[in-house]
Amino acid sequence: MNNIDSDSVQVMDASPINPFAVPETAGQKAATLKARFAKILSASGVKTADAEDGPTHFTFGVGRIDTALRGNAAADGLPKAALHEIHAAEKTDMTSAAAMALLLAERCREGKPILWITEAEEAHRQGRLYPPGIAELGIDPDTIIHIDAPDNITALRAAADGVRSSAMGTVIVELAGKRPKGLDLTATRRLSLSAQKSGVLNLLLRRDSDTQDPLPTAAFSRWEISAAPSIPLEANAPGHSTFDITLLRHRSGLYGLSARLEWNRDDRIFRDRQAGEAAPDLGTVPALSADRADHQGARAA
Amino acid sequence: MALFLPYLPTERIIRARGQPEAPFALTEKQRGAVVITAPDRQAVALGLGVGMKLADARARVPDLLAFDHDSLADAQLLDRLAEACERYTPMIAAAPPHALILDITGAAHFYNSEEALARDVEDRLDATGYSAHWALASTPDAALALARHGLKEGAEGQLPVSALDMDAKTHQALERAGLYKIGDLSDRPRPNLAARFGMELTLRLDRLLGVEDRPIDPIRSLGNVTTDRRFPEPLTHIDAALNILEELFTEASEHLEQRGQGARMIRMMLFRCDGDIAKLGVETGAPTRDPLLFKRLLRERIDALNDELNPGFGYDLIRLSIVAAEPLAVKQLKLEGGEDLEADEVALVSQLSTRMGREQVQKFQPADSHIPEQGLLALPALDAPPPTPWEIPPSNNPPMRPLHMFDPPQRVQVIAEVPDGPPHRFTWRRKAHQVIRYEGPERIGSEWWQRKHGQQSGKGGLTRDYYRVEDIRGRRYWLFRHGLYGEEKANPDWFLHGLFA
C-alpha cells in the first residue's frame, strides 16, 4: 500500500543546498509572485480566481433527497470535495452503478474531464464501458479519460494522482471483489484528504462487494445502486434508465434514505419516481420497491 | 572510421564461458556437412579457416573443440557494441557480420585527434575482451575495407581486388587480367573497366578510393537537440545522475525556447564506464519545457522500470536528446491567479502514461462502422487527435446503446415464442431471466462488402437482430439473434452483447 504514499509534491521540492538542483525557473518565480499577489488581494478584500470556487455540493436534483442529505452542512446534497462509495447491489446491477457514477460526475464536473480508472482484466470479463452508450446517457464520451490499470494497487495510485490534480472534474475508480487488494482505511483516507484539498469529486465504484458487511473506508457516504423497472414506453418497450438508490452510510449519520430515480437525458436531471407514481403494470411489482416506498428518513439522533 | 572485429563470435564465447583449454571453432551445418564458420585465434594460427569441414580440421588439429554458431547472438552483440560506441558519435551503423562504421566527423574534439579517439575505442574494446582493427578514411566503404585488411589510411592502393566485394567471378576475372591490387585498378581509365566489368565495379572502386561518398544508415536517428555531460570521475549515485539529467533538460529546453518549441519525446542514455548503457525514454502529452514536469515524469519512468538502474562502477557520460519537439508558444499566466487547467491535465495524462504505458491511458473516438463493437476506437490519450463529435441521440428516447458491452458477446440460451420472434426467457450465467418488455428487432447487417463473394446470397455473413429487453427485476439487456431464422441459419444462436443502465 506504500505505493500510494509517494507524494510527488515532496519529491519535487528541490532543496537549496543541493548543488545539482535546478535553478529557480520562470515558472517558480511566477508562482511566488502569484502567491504574494493573492495575499495582497485578499488583504484588500478582493476575491481572487482561486477563491471563487464553483458550488461545493452536488445534488441529485430531487428536492426530497437533496434536502434530506443536507445534514449540518451549508448546502443541499453531498459535498463535492470528498470520497463517495457506490456499490452495485448485485453483480448484474454493475451497469446501473456505473451509470449512476457517471451521471453524478456529469452533474458536477463543470467542464472538466472525468477520469475513469478500471482494472483491465476485470473490465474485460465483466463488460467494458461502451462510449456510444455513454453518449446515449447524455454525456460526451470525449470528456472521459479512460485508464486500464494492470492491478488494483496501480488503479488506486492513479486515482490518488488524479484526485490531487485540480484539472480533473471527477475521478471514478472501479474496483471488483469483496476485499480488493490495497483498498483499506488508509488508502481511502488519503483519497478523501486529497479530494478535500483539490475539490475533486472522487467516486469509488465497487462491484461484487459485500453490501451487508462492507469494508470500512473513509468515504463520506456509501450508496447501494440497483436497476429498477422502467416505465414502459409505447408498445411495452423498455423505458428510460431507472435506478433504485439506498443510502447505506453517511458521515453525519443519515440512514435509510432510498429512492427510485429516473434519468432524464434531455434536462440532465433525475426524476423522483416515488412521488405518487404508480408501480409498473403487469402485476410484477418487485418486493424491494415496496420496502423502500417511503424514506424513513430523516436523521439519526 | 570503421571497426572490424575479426574474432567477434569466438570472443563472445570466451567472454561467456572463459577460455577453453584447446583451440576451438564455431560450426554450422551446411548441406549436410559440419563446416567451421568462425575459428578462434589459436585455430587460425594452426592454419584453420572459415569454410573448412570440421572433420578435415579435426584431422589436422585432433583436440579441436567445436561449438554451435549462434549468429543471432552475434548480431545482438554487434548492436550492443554499436550502442556502446554512441559515446563517441551519434552516427553509427552496424556492418554485419563483424564491423561497425562510426561517422566521427567533428566528434573528435574531446580527444586530441581522430587517431586518439580510435585508440580509445580500441582500448575500451580490448578491456571488454574484443579485439578490433580500426581504420580511418574519408568514406565508410574505404574505412571498412582498410579495417578488414588491417591497413591504415592512405593504403587503399594495397588492398586486394576482393576488397571490392563483388562476386567471386569478377574477382577471378580481374586477377586473370593481372590486376591484383586496387592500386592496379585505380590508374586504369574508368570507361574501359566499366565496359568490361560493369558500372557496379567503377562505383565500388570510387567508394573505396574515397571519390564517392555513401551515406551510412545510423542505428538511431539524430535527436533534435542533444546535450551531454562527461565526467572524469564516474558518477556512482543515481540521484546525482538524475540531477544531471534535469540540468541537461533545462539546458536543452533553453535551446528549444529559442526555437519556440517544446519537447514531446525525450531520450536519455546513461553510459556506464564498463560499457553498459541504460536507456530511458519519456513522452509527454503536449510539448513542454517545464523542468518540474520533466522531473516528475523521470521519477515515474524510473519507478516503472522492471530492473532498477544500477550505476555499478559509475556513469562517465550522460546524454539527453530531444527526439521529437513541437511548437510551443510562451504562455502568459494570469497574474491574479487561476490555474492553467489544460496544462495540469496534460501533465497528469503524461505522468500516468509514463507509469502505466501509453496504451493504458485512453480517449475514445467514434469509428466509421455500423457494427456496434467496431464503432469506437480507444486511442492513447497522449497523442489523441482533436475530438470528433459523437452522434447526439434524439431527445426523449431511452438509451438505444448499452453502457457496458461484452466483447466477445456472451452466449445465452433463449426461449422465444416463435423462432424469429422476440425472446421470452433467457438464461445467462446459469440464471434464468424472464423478459417482461422488449423492443426490436433492430436489424444490423453484416459488412458483406468486406468478404470475398459477399454480394452473393448466403456468403455475406450473418445478420443480427438486436432486442432491447427488460427483465422482471428491472435490468435492461441488449440481446441479438445471430442469423436470420430459416434464411441464413436453421437454428440461430443468441448472444448477450451489452447491459443498459
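**Note on a predicted two-chain model**

1. Helix α11 of chain B, which runs over residues 238–259, has 22 residues, and the distance from its first C-alpha to its last is 31 Å, close to the 32 Å expected at 1.5 Å a residue. The model is predicted, and every value in this note should be read as computed from it. The buried residues in α11(B) are B:Ala241, B:Ile244, B:Leu245, B:Glu246, B:Leu248, B:Phe249, B:Ala252, B:Ser253 and B:Leu256. Their packing partners in chain B are β8, β9 (261–272), α12 (291–303) and β11 (315–327). Just after the helix, B:Gly260 takes a positive phi of about 70°.

2. Helix α4 of chain B (residues 71–84) has 14 residues, and its reach of 20 Å from first C-alpha to last is close to the 20 Å expected at 1.5 Å a residue. Within α4(B), the residues B:Asp74, B:Leu78, B:Leu81, B:Ala82 and B:Ala84 are buried. Because they cover an arc of only 155° around the axis, they lie on the same side of α4(B). On the face turned away from that buried side, α4(B) carries the exposed residues B:Leu72 and B:Gln76. The buried residues of α4(B) pack against α1 (8–17), β5 (92–95), β6 (99–102) and β10 (277–288), which also belong to chain B.

3. The meeting of α1(B) with α4(B) can be followed residue by residue. The two axes come within 10 Å and cross at roughly 90°, and the helices are therefore roughly perpendicular to each other. From α1(B), the residues B:Leu8, B:Pro9 and B:Arg12 meet B:Ala73, B:Asp74, B:Leu77 and B:Leu78 of α4(B). The residues of this contact divide into five nonpolar, no polar and two charged.

4. The buried residues of α5(A) include A:Met94, A:Thr95, A:Ser96, A:Met100, A:Leu102, A:Leu103 and A:Leu104.

5. Chain B comes to 13 helices and 19 strands, and 38% of its 501 residues count as buried. If one takes the contacts with a separation of 6 or more, residues 24 or more positions apart account for 71% of them in chain A and for 57% of them in chain B.

6. The contact between the chains takes 67 residues from chain B and 67 residues from chain A. On the side of chain B that touches chain A, the largest share, eight residues, comes from helix α13 (residues 341–356) of chain B. The residues of that side of chain B divide into 32 nonpolar, 13 polar and 22 charged.

7. B:Gly210 is placed in the loop between α10 (199–208) and β8 (225–235) of chain B. With 15 other C-beta atoms within 10 Å, B:Gly210 is partly exposed. B:Gly210 and B:Ser138 are 72 residues apart in sequence, yet 5.8 Å apart in space, C-alpha to C-alpha. Leaving aside residues up to four places away in sequence, B:Gly210 touches B:Ala137, B:Ser138, B:Thr139 and B:Ala142.

8. Some details of the backbone deserve a careful look. The peptide bond from B:Asp407 to B:Pro408 is cis, with omega near 5°, and B:Pro408 lies in strand β14 (residues 404–416) of chain B. The peptide bond from B:Gly440 to B:Pro441 is likewise cis, with omega near 0°, and B:Pro441 is found in strand β16 (residues 431–444) of chain B.

9. A:Arg268 has a positive phi of about 50° although it is not a glycine, and its place is in the loop between β11 (258–264) and β12 (269–272) of chain A. A:Arg268 is partly exposed, with 14 other C-beta atoms within 10 Å. B:Arg31, which is not a glycine either, has a positive phi of about 50° and lies in the loop between β2 (24–30) and β3 (33–39) of chain B. B:Arg31 counts as exposed, because it has 5 C-beta neighbours inside 10 Å.

Conventions: Residues are numbered from 1 along each chain as its sequence is written. Chains are lettered from A and ligands numbered from 1 in the order in which they are written. This is a predicted model: local features need pLDDT of at least 70, side-chain atom pairs count only at pLDDT 80 or more; totals for chains, interfaces and linings use all residues. Helices (H or I, at least four residues) and strands (E, at least two) are DSSP runs, numbered from the N terminus. The expected span of a helix is 1.5 Å times one less than its number of residues. A residue is buried if 20 or more other C-beta atoms lie within 10 Å of its own, exposed if 12 or fewer, and partly exposed in between; C-beta atoms are placed from the backbone. The arc is that of the directions from the helix axis to the C-beta atoms. Two residues are in contact if their C-beta atoms, placed from the backbone, lie within 7 Å. Axes are lines fitted to C-alpha atoms, for helices over the stretch in contact, and angles run from 0 to 180 degrees between N-to-C directions. Angles under 35 degrees count as roughly parallel, over 145 as roughly antiparallel, 65 to 115 as roughly perpendicular and the rest as oblique. Ala, Val, Leu, Ile, Met, Phe, Trp, Tyr, Cys and Pro count as nonpolar, Asp, Glu, Lys and Arg as charged, and the others, Gly among them, as polar.
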